[in-house]
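This report goes through one protein structure and its ligand, topic by topic. Please keep the sequence and the model in view while reading.

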Amino acid sequence: MKQFDIVTIFPGIFSAKGGPASGGDSCCYFDYGIMRQAIKKKLIKINIHDLRKSTTDKHHTVDDRPYGGGPGMILMVEPIVKMLKSIKKKKKTRVIMLAPEGKKFDQRQAERLAKYDQLILLCGRYEGFDARVEKYIDEKVSIGDYVLAGGELAAMVVTEAVARHVPGVVGHEHALDDETFSHDLDYIEYPQYSRPESYKGQKVPKILLSGNHAEIKKWRQSKRKKRK
Ligand code: SAM
């Protein structure tokens, strides 16, 4: 089983614990679709860790003002290091800081990260992390060149994209073989159609109705596209 450990100051954003996928009744993102099935089938495990539980003061302080001044708050180093120490490590673990300046996440990165037994995902908030946290991580990952308010959406994106590469998570055995980005990052899947055969003048290509699987395969190969 592949394990994802997500560290956040807003655990309520996730409901891997407590939602229908784990027998509760509150719903959130991972309680739907293939992620719900993957959790139920125990192919993956998602632990959500509340960073405030690693604090020692009575206000559960996780952030403070930056030295030297400037706007906003940053996440303090101590609770994060304490949290990282408390998360039980598997054999092959990768500690990832979600950060806009990190290595850009794509399908190749998802495949690479799927080889680890455990991913620990640190979600930043406010102005980000105390720079000293970097000594305790393996890499920084960005989901794109834009700045979000927190790392939680990025953690969801990375978790789902990686989980899809865990055997059994995507139902059909060969569903990933021809998918967009599967061959290379410019590859786009062939077009697909379902009922009705004709919709407001747009017809399903005849070859797809022929039942000739060899010809359908050829047609699909010819319709694969390269991203411009
Ligand atoms: N002050 C930081 C800067 O200028 O780089 C931005 C901090 S951002 C408001 C707060 C947190 O959101 C970050 O620490 C990171 O965890 C997360 N985040 C924002 N954009 C992200 C992105 N594109 N990819 C991954 N994480 C992101």
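## Backbone exceptions

K200 counts as exposed, at 72% relative accessibility. This is a predicted model, and in it the phi of K200 is near 45 degrees, a positive value in a residue other than glycine. K200 belongs to the loop between strand 9 and strand 10 (202-203). K42 also has a positive phi, of about 60 degrees, although it is not a glycine. The loop between helix 1 and strand 2 holds K42, and with a relative accessible area of 58% K42 is exposed.

A cis peptide bond, with omega about 0 degrees, joins R195 and P196. P196 is found in the loop between strand 8 (187-188) and strand 9 (198-199). Most residues other than glycine have a negative phi, and most peptide bonds are trans.

## Overall build

The protein has 228 residues, and 40% of them count as buried. Its secondary structure comes to five helices and eleven strands. The C-alpha trace spans about 70 × 40 × 40 Å along its principal axes.

## Nonpolar cores

The largest nonpolar core has 30 residues, and I6, I44, I46, L98 and V162 are those with the most contacts inside it. Two or more residues each come from strand 1 (2-8), helix 1 (33-40), strand 2 (44-50), strand 5 (93-104), helix 3 (107-113), strand 6 (118-122) and helix 4 (152-163). Helix 4 gives the largest share of this core, seven residues.

Another core, of 19 residues, lies apart from it; V7, V77, M83 and V95 are among its members. In soluble globular proteins, nonpolar side chains tend to be buried together.

## The ligand and its surroundings

Where does the ligand sit? The space taken by the ligand is the largest pocket. Strand 5 and strand 7 (139-142) are the elements that give two or more residues to the shell around the ligand, and the largest share, three residues, comes from strand 5. In total, 20 residues surround the ligand, the closest being L98, G124, G144, Y146 and L148. L98 is also among the residues with the most contacts inside the largest nonpolar core.

Backbone atoms of the protein come within reach of polar atoms of the ligand at several places. A polar backbone atom of A99 is 3.5 Å from a nitrogen atom of the ligand, and a backbone N or O atom of E127 lies 3.1 Å from a ligand nitrogen atom. For G151, a backbone N or O atom lies 3.5 Å from an oxygen atom of the ligand. Taken alone, the ligand exposes 590 Å², of which the protein buries 82%.

Notes. Residues are numbered from 1 along each chain as its sequence is written. This is a predicted model: local features need pLDDT of at least 70, side-chain atom pairs count only at pLDDT 80 or more; totals for chains, interfaces and linings use all residues. Side-chain values use heavy atoms; hydrogens and water are left out. A nonpolar core is a set of buried Ala, Val, Leu, Ile, Met, Phe, Trp, Tyr and Cys residues joined through side-chain atoms within 4.5 Å. Buried means under 20% relative accessible area, exposed over 50%, partly exposed in between (1.4 Å probe, protein chains only). Helices (H or I, at least four residues) and strands (E, at least two) are DSSP runs, numbered from the N terminus. A residue is near a molecule or strand if one of its heavy atoms lies within 4 Å of it. A polar contact is a pair of N or O atoms within 3.5 Å; within protein, one must be able to donate a hydrogen and the other to accept it, and residues adjacent in sequence count only if both atoms are side-chain atoms. Accessible areas come from the Shrake-Rupley method with a 1.4 Å probe; for residues, only the protein chains shown count as cover. On a 1 Å grid over the protein atoms alone, a cavity is a set of points where a 1.4 Å probe fits but cannot get out, and a pocket is an open set with protein on both sides within 12 Å along at least five of seven lines; lining residues have an atom within 4 Å of a point. A molecule sits in a cavity or pocket if more than half of its atoms lie within 2 Å of its grid points.
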